[in-house]
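User: I'd like to talk through this chain with you. Could we start with one residue and then zoom out?

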Amino acid sequence: MLDVIGIGIGPFNLSLAALIEPTPLRALFLEKREAFCWHPGLAVPNSRLQVSPLKDCVTLVDPTSPYSFLNYLALHGRLYSFVNKRNASTSRREFTDYYQWVARRLRTLRFSEEVVDVVPFRDGYRVNTSTTTYLARAVVIGVGVEPKIPGCARRLLCDTVYHAADYLERKPPYPDEDVLVVGGGQSGAEIVEHILTRPVATRITWVTARTNLFAMDDNSFVNEAYMPGYSQRFHALPLRQRRAIVEREKLTSDGISAELCNRLYEMLYERSVDGTLADSFRLLSSVVVKDIAAHNKRWRVDLNGIATQQHHSILVDRIVLATGFQPRTPPFLQSLLEGACMEDGLRVLGPDYAVRFNQHMPGPVYLQNQSRLLHGLQSVNLSLVAYRNSLIINSLLGQPFYLNTSDRQMLDGYETSDASEEGAGLDAMVSTQHMAAIT
């Protein structure tokens with residue numbers, strides 16, 4: 001009987017495995033893939049990590065851990081060079097290599113073992129894989145995300161209609177192809193840049209439902225939303241307020257880096273100077289894809305203007321869907337979580353990310369990367385991955401192994417004026433929008 005089994009080995013459960021190592025917990029982590037990978041189809045040459053690399057598997061909870069990004073740099077002979085390059089960020093390729101380095105050093109990881117069922121069993125869970133069965137007192141689900149595919153494209157996926165997650169795994173656009181890129185976030189922008197920098201002539205139409213290509217809101221005050229204290233206050237709020245905050249502050253997590261926006265604008269400006277822009281590139285904002293149909297070995301795409309309600313069609317040779325991701329829910333997880341408490345269509349998770357159930361369960365079930373509205377935007381990116389896993393470890397142990405040593409925040413919470421919420425003693429969250437309203 002193990003203390004905990006982690007299902008899925010992505011960045012979140014990899015962090016958990018690294019932080020568990022110095023504890024007395026007996027753990028095992030299972031992954032159906034043959035080795036660790038992190039969105040390999042999106043690792044275009046110029047893609048950058050959108051958070052500090054110090055938000056790695058361990059550093060913000062245990063700076064002395066041998067699994068830190070700084071130790072990785074030191075052991076690879078790049079620590080001084082990293083400091084000298086005067087850029088606090090790194091590439092997705094280097095951070096993927098860092099993750100793979102951590103995975104190779106951990107002995108609790110088992111690859112090529114797909115979990116097919118998780119069943120309550122006496123004082124724990126029976127975890128059945130494609131090869132064997134394990135027993136554990138608790139499970140941590142970290143099965144990651146899957147591409148979000150528009151309904152009109154689901155039955156058409158092929159070598160010329162695919163999600164951005166498969167971009168590098170498909171043949172690149174041929175000369176003189178008309179390429180449609182759908183989605184105005186970071187992935188769409190990186191793919192457009194990659195196509196623009198290729199030596200072959202390709203015509204690009206880039207459409208986004210957003211009214212503009214909005215840059216990620218990344219100033220120091222905004223990033224206070226990605227600190228433990230903010231996360232704790234957020235989780236204590238009524239769900240209605242949490243929904244509003246997530247919607248209002250989504251550009252703190254879901255925008256294009258300002259550096260990439262400026263690079264793209266510069267590239268397009270140079271094309272306008274030499275007179276090739278009009279024939280090679282179009283950017284359409286406030287537009288959604290309504291339908292896709294085959295047409296003489298090409299694709300006819302029907303577009304709808306959100307504000308104008310005008311419809312028009314274009315013919316393209318290739319469609320890249322940079323339409324985001326959604327939590328993956330394999331059949332075993334649906335069955336395991338049937339008895340979970342629900343609020344407004346969402347499974348209820350405690351502050352430690354443990355699922356709350358309507359009936360007695362033999363042990364805790366923790367969910368990684370499935371609580372965007374419950375714990376905030378930080379729950380679906382890398383910012384607080386180490387902190388979140390420290391909460392899970394402390395919960396498993398029933399005592400604090402990792403201490404909460406988070407910094408004092410520059411922005412403080414304030415008491416809500418809603419009488420119905422004052423009785424609950426809840427703090428409202430301070431966002432940049434709130435600050436603007438107060439001033």
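User: Where is Val380 found?

Analyst: Quick note before we start: this is a predicted model, where local features need pLDDT of at least 70, side-chain atom pairs count only at pLDDT 80 or more, and totals for chains, interfaces and linings use all residues. Residues are numbered from 1 along each chain as its sequence is written, and side-chain values use heavy atoms, with hydrogens and water left out. Helices (H or I, at least four residues) and strands (E, at least two) are DSSP runs, numbered from the N terminus. On that numbering, Val380 sits in the loop between α11 (372-375) and α12.

User: Is Val380 buried, partly exposed or exposed?

Analyst: Buried means under 20% relative accessible area, exposed over 50%, and partly exposed in between (1.4 Å probe, protein chains only). Val380 has a relative accessible area of 32%, so the residue counts as partly exposed.

User: Which residues is Val380 in contact with, leaving aside its neighbours within four places in sequence?

Analyst: Contact means heavy atoms within 4.5 Å. With neighbours within four places left aside, the list for Val380 is Phe12, Asn369 and Arg372.

User: Zooming out, what is the radius of gyration of the chain?

Analyst: The chain has 14 helices and 22 strands. Its radius, taken over C-alpha atoms, is compared with a globule rule of 2.2 Å times the number of residues to the power 0.38. For 439 residues that rule gives 22 Å, and the chain is close to this, so it is as compact as a globular protein of that length; its own value is 23 Å.

User: What percentage of the residues count as buried?

Analyst: The C-alpha atoms fill a box of roughly 65 × 60 × 50 Å, taken along the principal axes. Of the 439 residues in the chain, the buried part is 50%.
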